[in-house]
Amino acid sequence: MDSHKLAEQAAGVATGASQLSQQAQDLALSISQYAAPEAAGMPFFVVGLTVFVLACFVGYYVVWRVTPALHSPLMAVTNAISSVIIVGALIAAGPEDWNFSKLLGFLAVVLASVNIFGGFIVTHRMLQMFSKKKKQGA
Amino acid sequence: MAMTLSLLAYLVSSVCCIMALRGLSGPNTAKGGLMFGIAGMALAVVTTLMLPGVSSYGTIILGVAVGGGIGALIAKKIEMTALPQLVAAFHSLVGLAAVFIAAAAFHNPEAYNIGTRGEIHIGSLIEMALGVAIGAITFTGSIIAFGKLQGIVTGKPVVFKGQHMLNAALGCVLLLLLVLLCVTESPLVFWAIVFLSFLLGVLMIIPIGGADMPVIVSMLNSYSGWAAAGIGFTLQNNLLIIVGALVGASGAILSYIMCKGMNRSFFNVILGGFGGEAGGAAAASTASDKPVKIGSAEDAAFIMKNASSVIIVPGYGMAVAQAQHALREMADQLKKEGVKVRYAIHPVAGRMPGHMNVLLAEANVPYEDVLELEEINRDFSQTDVAFVIGANDITNPAAKKDPASPIYGMPILDVESAGTVLFVKRSLGSGYAGIDNELFFYDNTMMLLGDAKAMCEGIIRAMEH
């Protein structure tokens, strides 16, 4: 019974992984094609939308496989990685001369940094707790 | 060439972020996933610093040091019971950062190649306005959610007449302003959008009650992702779009799981006002005239010691009382006596998805002992004792039997089919939903009135004698 169930789960994981890799490939392809159409006058919006929709699907499949016990770390880590908008903040804060735009960029860098460091550290703390018990249980 | 290289680096960074989420499919791979996430973020930052327009490293390092220092300090000090508020607070920062970035792009579009001042491309303007609106709603909405979780703002739903009409009207005005922005490109209109979205964020979250917070925190998580994606469209950056979509999808799925755990539609939660005063008053009046068996810590210790299996059902009350460590000690004592102890987690137990799992993990409860609703619900009928601590509505049999009950149809843990139900609670009052729990009056139920932590400690003492 148990080994049968295990095999079934393994098969499920395998198909999931292959789907995922397929999607990742699609995604990579669409991104690699990005430079060419832009040069040919294709608006970024269409490219961006393609990437966006594909990424939504990747997110959908990846997140459904997250075990419910780890939903709190999932929230914390998604919170941390959503601070990747720091990229936009860095560009705004980039120029040497101070102006309104740079000030906003600087503030955004500070806020996003709070999130990046805070989010990753708190996720780490949580995961530490889960793996600590793992050893004790074994 | 350099441009292509940075685009490729962003691609690698995106894949790292996907791997970070992928790792969370199990506790063994989770840490590896986290490393991917950190690497991805580091790569994204370094790549951006290499871009030609970015040269004021001093300012940037100062910003990262200040922000990073604050973030690290908070994350290290925070109590695990305060996790939901922390996450809500962090969401608000993402929202505000998105607002600042959109505003920076609006005032200095040349830096992002989206046109010149006063001549921003129309598509970019729309994306910018959407990004800034979602960001602003995330900001104030998360602050209200934080206030409610922290107890600064009342956890009760705040409702007033015409609330939904007002929100709808504000939404319409927001759309009009968006059109106006595209036509005039006036900074005044831009900041009006920001202000209005701030207001809308407050009004959207204020009518939602404390126990619906798992849905709201997930929803704001999702919003922060969509805001990032919106900024990605504005800045024409695929990394931001990909990560934003990942986070958005993640939050949306969590919201869905939480709604399903309460058998309520997403809109039902969003419209708020669930569990008003009227229900609470009615429940209080019926509670007094039925007989209830009330036990002591000694009784509970005796019953559990002589049981062969116990299932513990924790809820938000356990988190409030910080009882997880005492609870685990109690479970250890029981295990020493040869009792089989497991934990049953309802999807919406606590104030954020997976809240109970983290608290039990903090108290060193073995991962294998903690089971989800579907995994364990059938075992209650073969269990001697169900020990309910700080939970209420998620065990209420009315959800199965009484079609008139507001929680009818909600999946519950079938604690009533256990041999004995020990129910730790501060008083006989109703739960969050304002519904009387008929379980209190069952023959096989024994109420243990008192603070969850004190009760667990009392039981431990009684077992030692």
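**A guided tour: cysteines, a surface patch and ring pairs**

A disulfide is defined as a pair of cysteine sulfur atoms within 2.5 Å. This is a predicted model, in which local features need pLDDT of at least 70 and side-chain atom pairs count only at pLDDT 80 or more, while totals for chains, interfaces and linings use all residues. Residues are numbered from 1 along each chain as its sequence is written, chains are lettered from A and ligands numbered from 1 in the order in which they are written, and side-chain values use heavy atoms, with hydrogens and water left out.

C56(A) is buried, with a relative accessible area of 18%; buried means under 20%, exposed over 50%, and partly exposed in between, with a 1.4 Å probe and protein chains only. Next, select C17(B), which is in no disulfide; the nearest cysteine sulfur, in C16(B), is 6.9 Å away. C17(B) is buried as well, at 1% relative accessible area.

Now colour chain B by domain: domain 1 covers 1–77, domain 2 covers 82–271 and domain 3 covers 288–464. These bounds come from an automatic or database domain assignment. The C-alpha centres of domain 1 and domain 3 of chain B are 42 Å apart.

Turn next to helix α3 of chain A (residues 44–64), which supplies 8 residues, the largest share of a nonpolar surface patch. Helices (H or I, at least four residues) and strands (E, at least two) are DSSP runs, numbered from the N terminus. Select F45(A), V46(A), L49(A), V53(A), F57(A), Y60(A), Y61(A), W64(A) and Y256(B) to show the patch, with about 820 Å² of accessible area together. Patch residues have over 30% relative accessible area and no salt bridge, and nonpolar side chains are joined within 5 Å (like charges within 9 Å). A salt bridge is a side-chain nitrogen of Lys or Arg within 4 Å of a carboxyl oxygen of Asp or Glu. L49(A), in helix α3 of chain A, is partly exposed at 36%.

Finally, display the aromatic rings, where 14 pairs are found over all chains. Select F130(A) and Y367(B): their ring centres are 6.2 Å apart and their planes stand at 80°, so the pair is edge-to-face. Rings of Phe, Tyr and Trp (its six-membered ring) pair if their centres lie within 6.5 Å; planes under 30 degrees apart are stacked, over 60 edge-to-face and the rest tilted. F130(A) lies in helix α6 of chain A and Y367(B) in a loop of chain B, so the pair joins two chains.

Conventions
Accessible areas come from the Shrake-Rupley method with a 1.4 Å probe; for residues, only the protein chains shown count as cover.
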